[in-house]
Amino acid sequence: AGLVFSQNFFNPLKTSIVFAAALIFCLASSSMYLINDILDIDLDRRHPQKSHRPIASGRLGIPITRTVAFVLMIWSFLMALFLNKNFFLLLCVYITIQILYSLYLKNIVILDVFCIASGFLLRVFCGAVVIDVPISNWLLICTLFLSLFLALAKRRSEMVLLEEGAGDHRHVLSEYNLAFIDQMVTIVTASTILSYVLYTLSPETVTKFHTTNLEYTIPFVVYGIFRYLYLVYNKKEGGSPEKLLFADKPLLINLILYAV
């Protein structure tokens, strides 16, 4: 987002730096997923989908998983420090939040959702910091609400899938109910759309892009969010946002049209 909205997408050097940062972030987040799966191994074995994961199913041993997680974390730290010091510091913040989440914060209602959303938000920060470009406050607000939207949809999907056994798989799910989550989804959905609309119409944005044409992307954003809600509520999906984005053709086509 930082690369695109700073109008540097066709800058070969900055594009290369951002893609390198994305690779480094993938290494760091992979190490956190491995650690989280080790800690949740017993709970995942009682989950209809997560029980097929390599660690929960026993196809991947815990000792080698710990080793790989440690190597990935150290490697990502070294590469981030070499690439950009501020990027390195943000990566440290991400790792810290994820470790705290895996150990403790995932059991605290509402705060668990904010921890999930922080991962998306920090990715946007990192993509801008690594090429030293400012991010619009509107874009950050929009990213925050969109991140909360995805996190809440993920929680709702888990509750619908696990039904009465949701609390047995993840203790914090017993603190939620569908009516409460639906109310929060409604709030962040409206906030996401409104913040994006205000971003496109902001005098700061118009001055930056020298055009008001960004407002024509609004219908694609609204459709994308509504389509996602349809998949979450009618198709009982939403547990894996990244898979859903590439598996659902209307969402993928909408994203391409938005980019165009």
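Biologist: Which residues of α5 are buried?

Modeller: Keep in mind this is a predicted model. In α5, the buried ones are T65, A69, L72, M73, S76, F77 and A80.

Biologist: Where do they sit, seen down the axis of α5?

Modeller: They fall within an arc of 130 degrees, so they line one face of the helix.

Biologist: And what covers those buried residues?

Modeller: The cover includes α2 (12–39), α4 (54–57) and α6 (85–103).

Biologist: Which exposed residues are on the face turned away from the buried side?

Modeller: That face of α5 carries P63, F70, L78 and F82, which are exposed.

Biologist: How many residues does α5 have, and what does it reach end to end?

Modeller: Helix α5 runs over residues 62–83, which is 22 residues. From first C-alpha to last it reaches 31 Å, close to the 32 Å expected at 1.5 Å a residue.

Biologist: What about the span of α10?

Modeller: Helix α10 (residues 178–201) has 24 residues and should span 34 Å at 1.5 Å a residue; its end C-alpha atoms are 34 Å apart, which agrees.

Biologist: Which side chain reaches the backbone nitrogen of A179 at the start of α10?

Modeller: That's N177, with a side-chain oxygen within 3.1 Å of that nitrogen.

Biologist: Switching topic: how many disulfides?

Modeller: Zero, counting sulfur pairs within 2.5 Å.

Biologist: Is C115 buried or exposed?

Modeller: C115 counts as buried, at 7% relative accessibility. C26 is partly exposed, with a relative accessible area of 44%.

How values were computed. Residues numbered from 1 in each chain as written. Predicted model: local features only at pLDDT ≥ 70, side-chain atom pairs only at ≥ 80, totals over all residues. Heavy atoms only, no water. Helix = DSSP H or I, 4+ residues; strand = E, 2+ residues; numbered from the N terminus. Expected span 1.5 Å × (residues − 1). Buried < 20%, exposed > 50% of the residue type's maximum accessible area, 1.4 Å probe, protein only. Arc of directions from axis to C-beta. Contact = heavy atoms within 4.5 Å. Polar contact = N/O pair within 3.5 Å; in protein donor to acceptor, adjacent residues only side chain to side chain.
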